[in-house]
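I opened this model to look up how its parts are put together. My notes are below.

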Amino acid sequence: MINSKPTIKSTLTAFLYLSPMLLIVGLFELYPILRSLLMSFWIKYNFYTGAVTKRGFDNFIYIFKDPIFQKSVLNTFIFVLIVVPLTILIALLIALGLSKIKFLQGFFRTIYFLPFVTSTVAISMVWSWIYNGNYGFLNWFLSLFGIHPIQWLSSPKYALISLAIMAIWQGLGFNIMLFLVAINNVDPRYYKVAKLDGASSFQTFLHITVPLISPMTLLISINAIISSFKVFDSIFALFGGRPGPASSVNTIVFYLYQKFYQQNQYGVAAASGVILFFIILIITLFQMWFSKKHVYYTSGINNK
Amino acid sequence: MKKNQSSSKIQQKIKVWFLYLFLIIGAFTMLFPFFWMISTSLKNQYEAIKIPPIIWPKQLQFSNWAEAWNAAPFIRYFINSVSVAFITTTAQIITAILAAFAFSKMIFYGKNFIFLILLGTMMVPFEMVLVPNFVTLSNLGMIDTYWALIVPWMANFFAVYTMRQAFAGIPDQLYYAAKVDGASDWQYLWKVLVPNSRSSITAIALIQVIASWNSFMWPLIVTNSTNLRTLPVGLQAFKSDAGVQYPELMAASTFVILPVAILYFVFNKYIVDGFTDTGIKG
């Protein structure tokens, strides 16, 4: 520290250093958080002058009664329920495999992580080509196993599944890396003791690895849940700016986009943003509560 | 006993082979869409839609790349993407360095309070502030200008947080030594703290460049003019144009993916570790 006590002078100096960041974050983070809470109650207004003539809960009532919103919430939850467990399971298996090898480990890590840094819009173009019902690679590949062509993107039955497969593919690398960090942090002495006790490798995995990496598993699930709740770019790119056939991939954020950008219902859009925020808030609070109660912490292993 | 040992050795070997087989299949799945993108972009129209598919075309049609590049102002999109990524990243690093200096090395009134509030904003989804930010920018007359693409991203609390961690790890003895040498606080920041935090700065820079390059929703909403489009928005518009063929669309997708892929292969370790740290702390 360059001073030992807070003084008027040190406070002024500090704020001088903070000011560029505070200006931007204040104007585009703090202020809009408050403003969107207020805006969600605006019913009659002029956005450009900021004049509001009527306030109330109408936007929220409208949203909760709107069958499109109900469908988009349902779709979002189904999407999360498909993507998150599968991502965790596959990422854990691959991370476990990677932790057991030395040769080519870096090579595999590099490849698995590549989709994560790739533009979602651009790779969605590629997936829409792979998913193509008539000429797509996937249908040809499945036909080798006698599976009839599937209209991946144009059938309401498969659209959400197609979206989920791509999302899992893209997010896998990131979660593998997080699991690897946790697995490498497990004290090797535990494994030695388990071996002395004659535990099989599956028993070791179940009774040592799984509990010791549980803080990371929780963190990964929360990360994955939150990012799945916000899915947008891939929907837009895979389905050409529309929420899929028969709104089958309409999600909360896509609903917000439509209300805001296509229908100019700013109040309704702000209200759906507020709902999204509260969903995420509840998940985060649940994470804190759950990790206090059920997650196995040990000193030195990610006990944050 | 001896026989037993050698059979368990063979078992061990088989296990390792299966493990590698499993990992190779996984790697293949990860790489396939990229391979298919490049392969399709080099096929002619007939080869592209042939069933069973042609894995790699005999004659490479590089003309698809030229045609796609000229079919839309991709050069303009490219320049826009590079400029926005460069300016926002530079600004983010400067604002983060200044703010992190105050948070890591100074004691002042309200420090913990401000820090906690800013930490709380990290939890707020960007989608929630989308509508009010649009209104703010339109009040400032910035919608459909470069300002809209740049100004909101000139500071980011996550960058501040990472820089603060880096600065906090530098012992204060260096400060006293700098003071003895007659350095001012400003010089101490730029000549001691910053050079000693190069790896954190690199990680923040790479993450922001990639995030800016790939960002889609924000530029989609705040720009209308063709000449303000960034690459992802331009690519999306290119696809909606009637009559685009898959080989050209795949060539155009390659334009968007290739620069970041190259960056990724060069700075692989920084990028993976940077994102992983973000995941753990953020």
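**Entry 1, ground rules.** I am working with a predicted model, in which local features need pLDDT of at least 70 and side-chain atom pairs count only at pLDDT 80 or more, while totals for chains, interfaces and linings use all residues. Residues are numbered from 1 along each chain as its sequence is written, chains are lettered from A and ligands numbered from 1 in the order written, and side-chain values use heavy atoms, with hydrogens and water left out.

**Entry 2, chain A against chain B.** I looked up the buried area (accessible area, 1.4 Å probe, that two parts lose on being put together, summed over both). Chains A and B bury about 9,100 Å² between them, and carbon and sulfur atoms carry 78% of it. On the chain A side, A:Met1, A:Tyr17 and A:Trp129 lose the most area to chain B, together 10% of what that side buries. Counting contact as heavy atoms within 4.5 Å, I get 101 residues from chain A and 97 residues from chain B.

Bounds here come from an automatic or database domain assignment. Chain A has domain 1 (8–56) and domain 2 (60–293). Nine residues of domain 1 of chain A and eight residues of domain 2 of chain A take part in their contact. The two domains of chain A bury about 610 Å², 72% of it from carbon and sulfur atoms, and their C-alpha centres lie 33 Å apart. For chain B the assignment gives domain 1 (2–63) and domain 2 (72–241), with 39 Å between the C-alpha centres.

Helices are DSSP runs (H or I, at least four residues), numbered from the N terminus. Axes are lines fitted to C-alpha atoms over the stretch in contact, and angles run from 0 to 180 degrees between N-to-C directions. H1 (residues 8–39) of chain A packs on H6 (residues 130–139) of chain B at about 110 degrees, axes 8 Å apart. H1(A) and H6(B) are therefore roughly perpendicular (65 to 115 degrees). Their contact residues divide into nine nonpolar, three polar and one charged. Ala, Val, Leu, Ile, Met, Phe, Trp, Tyr, Cys and Pro count as nonpolar, Asp, Glu, Lys and Arg as charged, and the others, Gly among them, as polar.

I found the axes of H11 (residues 198–214) and H14 (residues 246–266) of chain B coming within 11 Å and crossing at roughly 170 degrees. H11(B) and H14(B) are therefore roughly antiparallel (over 145 degrees). B:Leu206, B:Val209, B:Ile210, B:Trp213 and B:Asn214 of H11(B) meet B:Val256, B:Pro259, B:Val260 and B:Leu263 of H14(B). This set holds eight nonpolar residues, one polar and no charged.

How values were computed. Helices (H or I, at least four residues) and strands (E, at least two) are DSSP runs, numbered from the N terminus. Angles under 35 degrees count as roughly parallel, over 145 as roughly antiparallel, 65 to 115 as roughly perpendicular and the rest as oblique.
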